[in-house]
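Biologist: I would like to learn how to read a sheet and its surroundings. Please take me through one.

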Amino acid sequence: NRNALRRYLGVPIDAIRVKPEGNVPYKIVYRAATQGNNFMPWIVDDYGYAGTIGKPISRIQMKVEI
């Protein structure tokens with residue numbers, strides 16, 4: 001829940017990083033979009049951040065690839 005997390009942190013969320021725990025046989029693929037913009041490129045596991053520092057995220061997509 002982005003709104004609940006934003007209220008908890010007190011600041012807009014502008015980047016996310018997803019990291020699977022342990023040695024898992026799948027990949028987590030994710031991307032984000034800022035208000036009024038298209039989705040950015042897909043990020044695989046924890047090899048980077050999705051989002052743009054200083055621009056709040058408006059949408060997130062995630063999928064699991066086996």
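**Reading the sheet**

Modeller: Strands E2 and E3 run antiparallel and are joined by 2 bridges. This is a predicted model, where local features need pLDDT of at least 70, side-chain atom pairs count only at pLDDT 80 or more, and totals for chains, interfaces and linings use all residues. Residues are numbered from 1 along each chain as its sequence is written, and side-chain values use heavy atoms, with hydrogens and water left out.

Biologist: What counts as a strand, and as a pair?

Modeller: Strands (E, at least two residues) are DSSP runs, numbered from the N terminus. Two strands pair if DSSP finds at least two bridges between them. Strands of a sheet pair through backbone hydrogen bonds, either parallel or antiparallel.

Biologist: Which residue in E3 is the bridge partner of Val29?

Modeller: Val44.

Biologist: What is the strand order in the open sheet?

Modeller: The order is E3-E2-E5, 3 strands with antiparallel pairing. E3 (43-44) and E5 stand at the edges with a single partner strand each, so one side of each has no neighbour in the sheet.

Biologist: Is Ala32 buried or exposed?

Modeller: Buried means under 20% relative accessible area, exposed over 50%, and partly exposed in between (1.4 Å probe, protein chains only). Ala32 counts as buried because its relative accessibility is 1%. Ala32 sits in strand E2 (residues 27-34). Beyond its neighbours within four places in sequence, its contacts (heavy atoms within 4.5 Å) include Phe39, Met40, Ile57 and Ile60.

Biologist: Where is Ile66?

Modeller: Ile66 lies in the segment after strand E5 (57-65). At 95% relative accessibility, Ile66 counts as exposed.

Technical notes:
Helix = DSSP H or I, 4+ residues; strand = E, 2+ residues; numbered from the N terminus.
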